[in-house]
Amino acid sequence: MNSVMLAASGAILSAEAGYILLAMFGVLWIVLGWWWGRQAKSYDGFAVAGRNVGLAMGTATAVATWITSNTTMLAPQYALQLGIWGMLAYSTASFGLFAFAPMSGRIRKLMPKGYTAVEFMRRRYGWLGTVPFLIISLFYAVTWLVSMSMAGGKLLNVLSGIPYEVGMSVVVLVCVAYTLFGGMYAVIGTDFIQSLIILAGLVVVAVAVLTQVEIQEVHEKLSNERPMLLSAFFPAALMALFNNLLFGLGEIFHSNVWWSRAFAMREGVGPKAYALGGVLWLPVPIVAGFLGLAAPALGIGISEPDTAGPLVAATLLGTGGALLVFVVVFCSLASSIDSLLAATSDLIVNDIAEPIQRRVTSKQASDPSKRRWSAIAIIGLGAIAWVAAYPNVGSLATVLFFAGPLVGSCIWPVLCGLYFRSASPVAACASMVLGSALGLVAYFMIGWFTASLIGAAVSGITFAVCCFLWPDNFEFDTLAED
């Protein structure tokens, strides 16, 4: 039985209600994006919000961006397939925010006028480290965009029976539209509101579910029918725990989504905002994951594991629950897709288009040119995500974690490049290439739950050996030069 049949037969929401909600929130985010985006009068405002984002906005955008559709839909899938360890595995992604907190302060100090993570790699390692890092960054961004676009289509299909293709298309179109209007100002402004809605909604869902489900009953049902989900020695779950931890570190360390916010926040704000964001985010996947554990205990049939969370909540709580789940997941989708569109367009403008123009014309790109390139990049990224997501191939986990070994291989070049003078271009390049290659081999030969772990391990060993054989003596002051 497919998800369309589940939604239709369960009559959780009518298709008409789904279309109305979709239209309401689509218009709301576009209007808010336009409203906040009025402040983006220059490219600096469009790309990094004038570098003046305070603690409240900074914390809210970190929380909203990290509470993605993957959090609200993959955490239940983890719990459904991997049990208690799987649920806790997804919560380890908060360690990425904690670790990036001090790094964001150093990034802001070393590159006060920077725009992208790739710019750091170019100045720190030259083109030897930049090329593989840029390829990984673009591939990861597209993979994340595709997984969230898929999540939007799956959500609407499960809750109201809206065809997957229609729901996915509208979600992508809305996010592209309001990101075009205001860039980072629009992204951070809408993130603030979205984070409040998401956190409030999750609290309501958690309380409502716990009033209807006895934890003891869930435990007994799982103990009798699926004891491995409660086992402390479930091999795949234990590997997923460490795999997800390293994937989360790699995601945040390398992604321009987080670097662009470090550049956008006022000096001294980044460490506080990311640390507070990690604290607020930590319980979210545990709350969402419980829905996955409850599914087999409640006898709810799940045809697609990544739809378990919304389906369980909506089934237990009825129409009101379905409406609330719709709002929470739609906000989590928008808050992450817009961030990816804005941050990845910065990469394309600053690290591809502008260097090409400078090489061809020997002139710096003007503000109007950069804004035009940004608009083209945002539209192009939206189109790529739509084309890749349209076939609806694979689950969210298999799609997203295909990029796991690639981002895991970036941990050491970024971390050591920020703090150690001896980190060398040869080490950065070799570690990213070998880590990515062997991690992808593990993805296909063993499983997605090992790929990031192996990619990060191979990358770390390679980086250490190469730094010993070919050490550098980098001067960090050069990073601040225009």
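Predicted model: local features only at pLDDT ≥ 70, side-chain atom pairs only at ≥ 80, totals over all residues.

Which side chain does R124 meet in a salt bridge? I find D472 as the partner of R124, at 3.7 Å from N to O. I take a salt bridge as a side-chain nitrogen of Lys or Arg within 4 Å of a carboxyl oxygen of Asp or Glu. R124 lies in helix α7 and D472 in the segment after α21 (448-469), so this pair ties together parts that are 348 residues apart in sequence. For helices I use DSSP runs (H or I, at least four residues; strands are E, at least two), numbered from the N terminus.

Notes on the basis of the entries. Residues are numbered from 1 along each chain as its sequence is written, and side-chain values use heavy atoms, with hydrogens and water left out.

Burial of the first pair. I call a residue buried under 20% relative accessible area, exposed over 50%, and partly exposed in between (1.4 Å probe, protein chains only). R124 is buried at 2%, whereas D472 is partly exposed at 28%.

Next entry, also in helix α7. R123 forms a salt bridge with E119, and I note 3.1 Å between the closest N and O atoms. Both residues lie in helix α7 (residues 117-125), four residues apart, about one turn of the helix. R123 is partly exposed, with 29% relative accessibility; E119 is buried at 7%.

Next entry, R261. I find a salt bridge from R261 to D191, with the closest N and O atoms 3.3 Å apart. This pair links distant parts of the chain, as R261 is in helix α12 (residues 256-264) and D191 in helix α9 (residues 164-212), 70 residues apart. Are these two side chains buried or exposed? R261 is buried at 0% relative accessible area, and D191 is buried at 0% as well.

Network and count. I list E354, R358 and K370 as linked in a network of salt bridges. By the rule above, my count comes to eight salt bridges.

Last entry, a serine pair. S369 sits in helix α16 (residues 367-389) and is buried, at 12% relative accessibility. I record a polar contact of 3.0 Å between the side chains of S369 and S366. A polar contact here is a pair of N or O atoms within 3.5 Å; within protein, one must be able to donate a hydrogen and the other to accept it, and residues adjacent in sequence count only if both atoms are side-chain atoms.
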